[in-house]
Amino acid sequence: MEWLIEPFSYGFMRQALAAGILTVVMASLVGTWVVMRGLTFMGDALAHGALPGIALAFLLGTNLIFGAVASALVMIAGVSVVSARSRLGNDVAIGLLFAGMLASGVVIISLRGAYAGDLTAILFGDLLGVTSADIRIALAATLTVIVVTFVGYRPFLALTFSPAKAQVLGFRPRLTHVAMLGLITVVLVSSFRTVGTLLVFAFLVAPPATAALVARRVPVLFFVSIVLGSTAVVLGLVISYWATTATAATIAGISVLGFFGVLTTVEARAHLATRRRVTKEMRQHAHATD
Amino acid sequence: MLDRRLGFRSVIVAGVLALVAAACGTAENSTATEPEARLSIVAVTSILGSIVEDLVGDNADVIVLIGPGVDPHSYQVSARDGQLLRDADLVVANGPLDDVPLEEGLFDLLTTVRSEGIAVFDFVANSNPLFFATHGDDDDDHGHEDDDDHGLKDDDHGDDDGAHEDDDDHGHDADAHGDIDPHFWWDLSRVADAVVQLAAAIAAVDTERAEEFWVERASVVAQIYRDLDDEIVQSVSVLTDEQRIIVTNHDSFGYLADRYGFTVRDTVIPGYTTDAQTNPRAFAQLIDVLVDEEIRVIFAGNTDSTRLAEQLRTQATAQGLDNVTVVQLYTDALGPAGSGAETYVAMVRTTVDLIVEALG
């Protein structure tokens with residue numbers, strides 16, 4: 001067990017673990033809705049859409065989180081306007097804003113004369129540099145997400161599985177949708193300094209998607225997703241320690257590999273089950289015709 | 001209706017013709033009988049710019065591409081940079097390209113500019129450079145300088161006439177050791193020597209002044225740097241050998257260590273550039289090094305993030321080492337106004353003073 005204990009004997013690794021797990025919890029709760037409702041592209045776009053706000057805040061010396069939130073709001077509003085005012089679909093709107101926001105972010109950073117280093121820091125975060133202040137922010141965000149998920153559970157559920165019914169039941173679909181986007185933003189904005197926007201996005205998608213391969217009911221999805229994500233964090237931290245790889249990227253990679261692993265297993269089991277059934281039927285048929 | 005359409009179209013045509021005429025006109029004018037403009041030298045970094053300014057004084061225009069406080073390792077060129085380089089009489093870069101990991105973002109542009117015949121002076125090649133040790137499987141050996149300076153005595157340095165790529169020489173040595181350490185500006189004796197070569201390069205492109213003028217300027221400036229060199233040796237002499245241990249954010253003090261007798265024990269970011277990603281194990285080992293060897297000062301540069309340096313401090317403190325501090329230095333670029341590091345000479349003095357104060 002030495003291989004497991006040694007890495008976590010260091011404070012900074014334990015802090016990275018804490019930040020990672022908190023992010024997993026938040027992202028699993030929100031990510032389940034994202035995956036179920038097909039908001040993945042929007043999630044990715046928001047992850048990149050936060051960039052110009054962060055860059056501008058950095059340039060102006062103001063709070064980065066405000067910048068990220070403002071930027072995400074612009075993104076959401078922009079998508080809404082484009083899809084409402086044109087005949088183009090939602091995905092086109094998202095794509096346009098994604099490209100535009102990412103480009104603006106890069107331009108803003110380039111105004112300062114630097115570029116690659118800053119961008120890397122925002123996209124990949126700095127898991128080794130997690131401070132107790134970062135953990136407090138993550139904790140606050142996680143609690144917020146838990147509360148909103150609990151309170152908004154039935155509207156979210158209705159919106160996900162039957163938007164029409166949601167309207168009828170008086171759950172105000174548009175507001176619910178905005179609340180969901182708001183939750184995605186909270187997760188992104190509270191985690192980009194620690195795990196980076198790309199890893200947050202990985203957490204929003206991979207563990208819930210993997211969970212969806214083996215479960216149907218939403219509370220079960222939440223639980224399985226959190227377990228899978230946390231496992232990825234622990235494994236990722238340990239592997240990146242011993243193999244000296246970049247931490248956030250290793251964790252993200254493991255999450256996605258996990259999905260394919262489970263997919264393969266599920267398919268293999270289904271295949272075997274079918275074969276068994278067919279073989280059984282053939283035997284029965286053979287018997288019957290004896 | 002016919003009239004209106006014709007009218008509109010002719011306005012457009014006339015406008016385009018006017019623009020073309022104007023463009024042609026200015027192009028012709030600029031190559032015609034205009035008198036020779038002042039000598040224009042483009043320095044890639046703020047540090048190089050300051051050295052060039054020390055040398056040329058008022059006798060040339062010096063333009064700096066990568067300004068104060070900006071990280072040269074992650075700088076990305078803009079179209080304007082391309083134009084500035086091409087309009088220059090001489091470009092002063094760190095270079096030579098492939099083996100010198102400093103201005104990576106400018107590699108392609110500088111190669112192109114060289115091949116177009118623009119004169120480029122490579123400072124590092126003319127400074128008898130040191131090499132980084134190759135980072136093999138030795139995890140403990142981060143960022144130590146390879147002190148047997150094989151150097152690179154270029155025979156044709158100075159008289160730059162554009163495309164002289166000593167890639168074969170450098171490639172050979174680089175394979176033997178690892179990349180060339182580009183942070184030459186921390187060894188004043190090397191800079192003093194290189195300035196003489198720089199003056200020769202400027203003389204080669206200066207059509208107005210005689211070579212003697214630049215030789216004279218070079219000896220004046222070289223003397224200033226040599227005096228500063230002595231000054232540093234003096235101020236550093238108060239430190240004992242045990243005190244001369246340096247831990248920095250990234251590996252920028254190889255030349256300082258070599259010349260003035262310090263040891264760079266380890267760096268937060270492994271490798272030579274600020275782009276490298278730290279890995280947890282290396283970081284953990286660094287914490288242990290600090291605690292075990294009671295190193296209480298972590299030096300941070302002025303062009304990269306201090307987040308990890310701060311984390312190192314927090315972790316070392318948590319493990320029982322008291323009084324650990326992060327000291328901010330000016331390492332890879334000049335500082336802003338009021339920082340005490342606005343020129344090369346000021347930067348060196350301020351940083352050395354801070355180091356001596358922190359380690360003493």
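User: Helices are DSSP runs of H or I with at least four residues, strands are runs of E with at least two, and both are numbered from the N terminus. How many helices and strands are there in chain A?

Analyst: Chain A has 13 helices and zero strands. This is a predicted model, in which local features need pLDDT of at least 70 and side-chain atom pairs count only at pLDDT 80 or more, while totals for chains, interfaces and linings use all residues. Residues are numbered from 1 along each chain as its sequence is written, chains are lettered from A and ligands numbered from 1 in the order in which they are written, and side-chain values use heavy atoms, with hydrogens and water left out.

User: Which helices of chain A supply the nonpolar patch?

Analyst: Helices α3 (40-60) and α5 (90-111) each supply at least two of its residues, and the largest share, three residues, comes from α3(A). The members are Leu56(A), Leu59(A), Leu60(A), Val107(A) and Leu111(A), with about 480 Å² of accessible area together. Such a patch joins nonpolar side chains (Val, Leu, Ile, Met, Phe, Trp, Tyr) within 5 Å, or like charges within 9 Å, from residues with over 30% relative accessible area and no salt bridge. Accessible areas come from the Shrake-Rupley method with a 1.4 Å probe, and for residues only the protein chains shown count as cover.

User: Is Leu60(A) buried or exposed?

Analyst: Leu60(A) is exposed, with a relative accessible area of 61%. The classes are buried under 20%, exposed over 50% and partly exposed in between, with a 1.4 Å probe and protein chains only.

User: And Met13(A): which residues does it touch?

Analyst: Leaving aside residues up to four places away in sequence, Met13(A) touches Pro7(A), Phe8(A), Leu237(A), Tyr241(A) and Pro280(B), where contact means heavy atoms within 4.5 Å. Met13(A) sits in helix α2 (residues 11-37) of chain A and counts as buried at 0% relative accessibility.

User: Switching to the interface, what area is buried between chain A and chain B?

Analyst: About 1,900 Å², of which carbon and sulfur atoms give 55%. Buried area is the accessible area (1.4 Å probe) that two parts lose on being put together, summed over both. In chain A, Tyr10(A), Phe12(A) and Leu128(A) lose the most area to chain B, together 27% of what that side buries. The contacts involve 26 residues of chain A and 18 residues of chain B.

User: How many salt bridges are counted between chain A and chain B?

Analyst: The count is two, a salt bridge being a side-chain nitrogen of Lys or Arg within 4 Å of a carboxyl oxygen of Asp or Glu. One of them joins Asp134(A) to Arg307(B), with the closest N and O atoms 3.4 Å apart.

User: Within chain B, where do Arg259(B) and Asp187(B) lie?

Analyst: The side chains of these two residues form a salt bridge at 3.6 Å, N to O. The pair links distant parts of the chain, with Arg259(B) in helix α8 and Asp187(B) in the loop between α5 (167-177) and α6, 72 residues apart. Shared partners join Asp187(B), Arg190(B), Asp229(B), Asp258(B) and Arg259(B) into one network.

User: What do the buried residues of α7(B) pack against?

Analyst: They pack against α2 (46-56), α6 (188-205), α8 (254-260) and α11 (344-359) of chain B. Among the buried residues of α7(B) are Trp214(B), Tyr225(B) and Asp229(B).
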